[in-house]
Amino acid sequence: MTDTPMTMDLVTDEHAGELLTLRRAAFVTEAQLYGDPNIPPLTQTLAELKADLATKGVITLGAWQGPRLVGSVRVEIEGGKATLGRLAVAPDLQGRGIGTQMLFAVLPHLPEETTEIWVFTGKDSKQNLELYTRHGYEEQYDKAAGDLTYTYLRRILGEAEARNASDAQG
């Protein structure tokens with residue numbers, strides 16, 4: 001990486017085009033792995049993405065290196081459960097810890113009552129599965145969606161994590 005410090009912040013409507021570009025670039029390798037160019041991150045339109053950014057209970061966090069959006073993650077909050085999705089890192093910066101930083105950066109944005117975080121990825125996405133299990137996510141089940149099979153993983157938040165997230169919000 002460069003010497004430019006990375007900042008994390010919520011992605012807003014003004015960054016929707018850049019976010020769409022980042023996701024498409026990041027998910028090309030997934031599409032190639034599955035031989036399917038029609039996976040949802042590659043077919044989402046700008047209008048759909050903007051609507052998602054405005055959805056109550058959904059936050060999208062971005063990682064910026066200077067003015068460049070280099071990573072993002074979508075978080076849907078339902079009661080005590082947060083579901084992470086569309087974790088994306090710019091292809092030229094993958095493998096440098098940005099995805100890991102994104103996993104931890106979501107914690108301060110979670111409501112105090114959040115007790116578990118779920119994430120899903122393609123069953124054959126070995127690097128993604130390794131990333132999640134390395135950070136405390138445990139495989140729960142597989143679920144088919146069309147021609148793809150997703151693996152769902154869960155991480156139970158401990159008291160220290162919940163307290164840290166609460167302190168960061170307060």
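How much accessible surface does the chain have, and what percentage of that surface belongs to carbon and sulfur atoms?

**View 1. The accessible surface of the chain.** In this predicted model, the chain has an accessible surface of about 9000 Å². Carbon and sulfur atoms hold 50% of that surface. Turning to the interior, 44% of the 170 residues in the chain are buried, that is, they have under 20% relative accessible area.

View 2. Following the sequence, their order reads β-α-α-α-β-β-β-α-β-α-β-β-α.

**View 3. Overall dimensions and packing.** The C-alpha atoms of the chain fill a box of roughly 45 × 40 × 30 Å along the principal axes. The radius of gyration is 15 Å, which agrees with the value near 15 Å for a compact globule because the chain has 170 residues.

View 4. An unreviewed UniProt entry lists residues 6–157 as "domain: N-acetyltransferase". Over residues 6–157, the chain is 32% helix and 38% strand. The end C-alpha atoms of this stretch lie 25 Å apart.

**View 5. Charges on the chain.** The chain carries 16 positive and 24 negative charges.

Key:
Residues are numbered from 1 along each chain as its sequence is written. This is a predicted model: local features need pLDDT of at least 70, side-chain atom pairs count only at pLDDT 80 or more; totals for chains, interfaces and linings use all residues. Side-chain values use heavy atoms; hydrogens and water are left out. Helices (H or I, at least four residues) and strands (E, at least two) are DSSP runs, numbered from the N terminus. The radius of gyration is taken over C-alpha atoms; the globule rule is 2.2 Å times the number of residues to the power 0.38. Buried means under 20% relative accessible area, exposed over 50%, partly exposed in between (1.4 Å probe, protein chains only). Accessible areas come from the Shrake-Rupley method with a 1.4 Å probe; for residues, only the protein chains shown count as cover. Lys and Arg count as positive and Asp and Glu as negative; His and the chain ends are not counted. The place of a charge is taken as NZ of Lys, CZ of Arg, CG of Asp or CD of Glu. UniProt positions are given in the numbering used here, feature names are shortened, and annotations may be inferred rather than shown by experiment.
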